[in-house]
Amino acid sequence: MTTQTVVPVLEAKGLTKRYGRVVAIDGSDLELMPGEILAVIGDNGAGKSSLIKALSGAVIPDSGEIRLDGEPVAFRNPMEARAAGIETVYQTLAVAPGLDIADNLFLGREQRRAGPLGSVFRMLDRKHMRSEAARHMSELGVATLQNIGQAVESLSGGQRQAVAVARAAAFGSKLVILDEPTAALGVKESNRVLQLIRDVRDRGLPVILISHNMPHVFEIADRIHIQRLGRRIAVITPSSHSMSDAVAIMTGAAPAPDSTGYPQDEG
Amino acid sequence: MSTSTGASTAADFDVRRHDSFGLRLQHALHANPVLGPLAVLILAIIAFSIVNTRFFAAANLSLVLLQVTVIATLALGQTMIILTAGIDLSAGAIAVFSSILMAQFCVKAGMPAVLALLLGFACGTAMGALNGMLVTRIKLPPFIVTLGTLTIFFSLNSVVSNSETVRGTDMPSLMTWTGEAIAIGNFQLSYGSIIMLLLFGFFFYALSRTAWGKHVYATGDDVEAARLAGIRTGRVLFSVYTVAGLLYAVGGWILIGRLASASPNVGTEYNLDSITAVVLGGTSLFGGRGGVIGTLIGALIVGVFRNGLQLAGVEVVWQGFAIGTLVLVAVSLDQWIRKVKG
């Protein structure tokens, strides 16, 4: 009974988005519970990315409702979603390769020196930003980076991903959305990033993970949201269904199960 | 057996050392883009001093600085635009047009010098802002935008000036003040050069120590990534073109002092020369890499080569050949540096 009173961190109801005659999302729902990793899977064109963009403010839905901690919200741009505590790591990473790790972590959120040096001369507090960046990176167990003043372009793909995830975790107060974080990575680096995602969740920040990679999804997701033809047709858990079940539901080869995978439906 | 093993390890060692030297050089240049241009400048100064001892005389060195002051000022604005992966072909046109306007405001409209100067700065800023608006609002490529405005500004030049040169002696002394100099021994340091150096100091600070500077680099590096990180890239680009316009106008003021006149018939080569200085200074035409200190060095390289070749008795026509070659070397070097791997 108590589980039913848990308010989702993020809840979307009946989201719709059309582009001309194309319906990208067709009354889709989504719930993200506190402290969980919710994977969103679906075939190409199922409306995954439109759904995620609506949640992160990059797309304004035509209709439907989004609630953050139970309060209705309407984002007009990604900055508003970010201000509300939703951080998104885009597939393109959104890091500036020429800038160093600390600069990237604080990109668009730079901190100035106190006093007239900051207010009049607009001087950045580089020392503080560097020590904060080092703290955030080590909190997530990314201690392999030798130098926080290292340009991001000199890092490997996995390390860059770690910088992007660390930035999201450092500034996201409600949740983090990760779009295909392991798509471009090798096996070893993928595992490292998956562990990073677990660390983010274990620090209390729920995660929405968009991925095509079924083994990765089944390895770390608490629940799996399956999107098909612009709607959520099922929510399963890695323990209730197999990978092939998930693929079958996703492609329409198998009917969607009745179980929705919600905590309140279990037991 | 043992000798052959010994030989092969020695060979391996040699190859490895050779590779690592190239790699280390690549990394060093990657981390400090100023190193290459600085080495070229120092070597050029040493070489030209050996060829002709008059080169290193204080009087000659101050002449070199004087000769590059206008180009360096324009190249400062150009640097910031190129850092955003843009280009400004209208830099010289804005500078010359601003100088004509200032002179005309004084002489024809009879305005006080300070007012004419400020109005000239405002006009240059507005011309830069026009470039910025066309780039950010209409989303035209900077090359096309500034090619258009270059042609427009040069044509307006002739209209406003009536194709006449205003002599410095007809202008208030403030207009030609930038051409006056203070003597440090035999070294003549012009006020124009002082203004130019102060501006370089200011923008070095703005680019490396403020959020605006970080945003300029981020925008040039990857505009989409910068936008997704929450930077208003349109605003950054607009500010860069506008600030550059103001700098070109200041360059126009320095130009009046340098020529002791305001002429519509000068400066056609300034547009490309400013780009040359930026490229020689190690700033990448692809954006996001480089800086203003490199540009100052790049402008000095041009000045040192022109002056040094002349003193070495090389015909004037070969100066362009030498500088063109340097540009190609600099751009090739940039391509190589960008391929650096972690």
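Trainee: Why is Thr176(B) called buried?

Mentor: Gladly! Buried means under 20% relative accessible area, exposed over 50%, and partly exposed in between (1.4 Å probe, protein chains only). Thr176(B) has 17% relative accessibility, so the residue counts as buried. Do keep in mind that this is a predicted model, where local features need pLDDT of at least 70, side-chain atom pairs count only at pLDDT 80 or more, and totals for chains, interfaces and linings use all residues. Side-chain values use heavy atoms, leaving out hydrogens and water, while residues are numbered from 1 along each chain as its sequence is written, and chains are lettered from A and ligands numbered from 1 in the order in which they are written.

Trainee: Which residues does Thr176(B) touch, not counting residues up to four places away in sequence?

Mentor: Gly168(B), Ile256(B) and Gly257(B). Contact means heavy atoms within 4.5 Å.

Trainee: What makes β7 and β8 of chain A a pair?

Mentor: Two strands pair if DSSP finds at least two bridges between them. Strands β7 (residues 175-179) and β8 (residues 207-210) of chain A have four bridges, in the parallel sense, so they meet that definition. Within β8(A), Ile208(A) stands opposite Ile177(A). Strands here are DSSP runs (E, at least two residues), as helices are (H or I, at least four), numbered from the N terminus.

Trainee: Why do β6 and β10 of chain A stand at the edges?

Mentor: The open sheet in chain A runs β6-β7-β8-β3-β9-β10, with mixed pairing. Strands β6 (86-89) and β10 (231-236) of chain A each have a single partner strand, so one side of each lacks a neighbour in the sheet.
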